[in-house]
Amino acid sequence: MSRILSGIQPTGYLHLGNYLGAIRNWVTMQNDYECLFCIVDLHALTTPQDPQMLRQSIRTAAAVYIAAGIDPKRSIIFNQSQVTGHTQLSWLLSCLTPLGWLNRMTQFKDKAGKQKDQASLGLYAYPVLMAADILIYQATHVPVGEDQKQHLELARDIAGTFNRAYKTEFFPLPEPQILGTATRVMSLRDGLAKMSKSDPSDYSRIHLMDNADTIALKIRKAKTDPAPLPFSPKELESRPEALNLINIYAALQGKTLENVCQQFAGQSFAVFKKELTDILVATLGPITQESQNLLKDISSIDALLAEGNAKANLIAQKNIEEVHNIMGLLRP
Ligand code: AMP
Ligand code: TRP
């Protein structure tokens with residue numbers, strides 16, 4: 001049996017990287033798999049959050065999932081914090097995870113920075129909770145952007161350790177699904193940095209809730225270089241900002257980099273940016289509008305999440321009882 005689980009942190013605004021690297025792939029996977037899409041609000045708490053804003057971001061994330069095409073009738077959309085099995089399993093797995101494995105995690109090193117001793121235990125243990133998110137549902141496939149590859153490898157290692165320690169095959173080893181051509185969308189201000197919610201500049205990313213004028217402005221301001229569009233992708237090797245914009249265009253249009261280079265070869269970025277803006281607005285406009293519509297009725301969003309939470313709980317509860325039993329704890 002195949003089962004998909006993935007999640008996004010409800011911190012700040014969801015952006016084009018989240019859409020092209022994750023959500024867009026989730027939508028198509030619904031046709032072939034049983035899917036669970038989580039709003040990982042407990043992971044959001046690994047960095048400081050304003051309670052009012054966090055609540056709003058959780059509901060906005062739910063609205064965006066649905067507006068982008070996740071169908072709550074076919075897939076389970078739910079809140080990590082409302083399914084207690086995640087934190088229960090996280091503790092059990094943390095007792096099997098060597099510190100050395102966590103010390104290798106590059107995201108922790110990046111986020112903790114130089115003040116490692118000041119970083120929280122939550123930030124350090126983040127990848128174990130992520131492993132629990134996946135394993136509590138015995139998920140087999142996890143569609144994510146490239147930045148999550150290392151965390152997925154850790155989840156596989158933890159699953160393998162559990163299975164070996166208890167001579168069982170209870171946890172399938174989850175497969176990362178890093179799909180499409182935009183698995184790593186870069187900042188609009190720096191072609192070497194990932195587009196991310198934590199970049200202080202709003203101009204570094206397109207938010208999924210940006211209106212057409214804001215998208216046009218951000219793309220107009222996006223960093224490029226003075227050269228025109230090249231004839232082939234080979235010439236983009238030393239032009240990260242140009243490569244990123246062309247890659248975004250290719251991903252949105254379902255074309256290869258070669259196709260896009262041939263289409264615009266020798267033309268200026270001013271011309272290309274207009275075209276890119278048009279397709280961004282055409283793709284994201286309906287998602288923004290539908291999200292805003294949904295957000296007018298918060299009680300319906302809360303009701304949809306409550307339904308999803310109940311469905312997720314049913315699976316998680318059964319599995320945590322099974323894990324307790326395997327590990328020698330008593331069942332209720
Ligand atoms: P996060 O915003 O860190 O919670 O990420 C949620 C999902 O979006 C994960 O699957 C990430 O891999 C993916 N993602 C985040 N940023 C990017 C990006 N710049 N390019 C591609 N995928 C991304
Ligand atoms: N760590 C992921 C990110 O920042 C979010 C996440 C948490 C996740 N739990 C997950 C993704 C489980 C996939 C599966 O992008």
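Where is Lys167 found? Lys167 sits in the loop between H8 and strand E5 (175-177).

Some ground rules: this is a predicted model, where local features need pLDDT of at least 70, side-chain atom pairs count only at pLDDT 80 or more, and totals for chains, interfaces and linings use all residues. Residues are numbered from 1 along each chain as its sequence is written, chains are lettered from A and ligands numbered from 1 in the order written, and side-chain values use heavy atoms, with hydrogens and water left out.

1. Start with H8, residues 149-165. Helices here are DSSP runs of H or I with at least four residues, strands are E runs of at least two, and both are numbered from the N terminus. The 17 residues of H8 reach 24 Å from first C-alpha to last, close to the 24 Å expected at 1.5 Å a residue; the expected span is 1.5 Å times one less than the number of residues.

2. Buried residues of H8 include His151, Leu152, Phe162 and Asn163. Buried means under 20% relative accessible area, exposed over 50%, and partly exposed in between (1.4 Å probe, protein chains only).

3. Just after H8, Lys167 takes a positive phi of about 45 degrees. Lys167 is exposed, at 78% relative accessible area. Gln138, not a glycine either, has a positive phi of about 50 degrees, and lies in the loop between helix H7 (121-135) and strand E4 (141-143). Most residues other than glycine have a negative phi.

4. Glu321 belongs to helix H13 (residues 298-327) and is partly exposed at 24%. Leaving out residues up to four places away in sequence, Glu321 touches Arg331 and Pro332, contact meaning heavy atoms within 4.5 Å.
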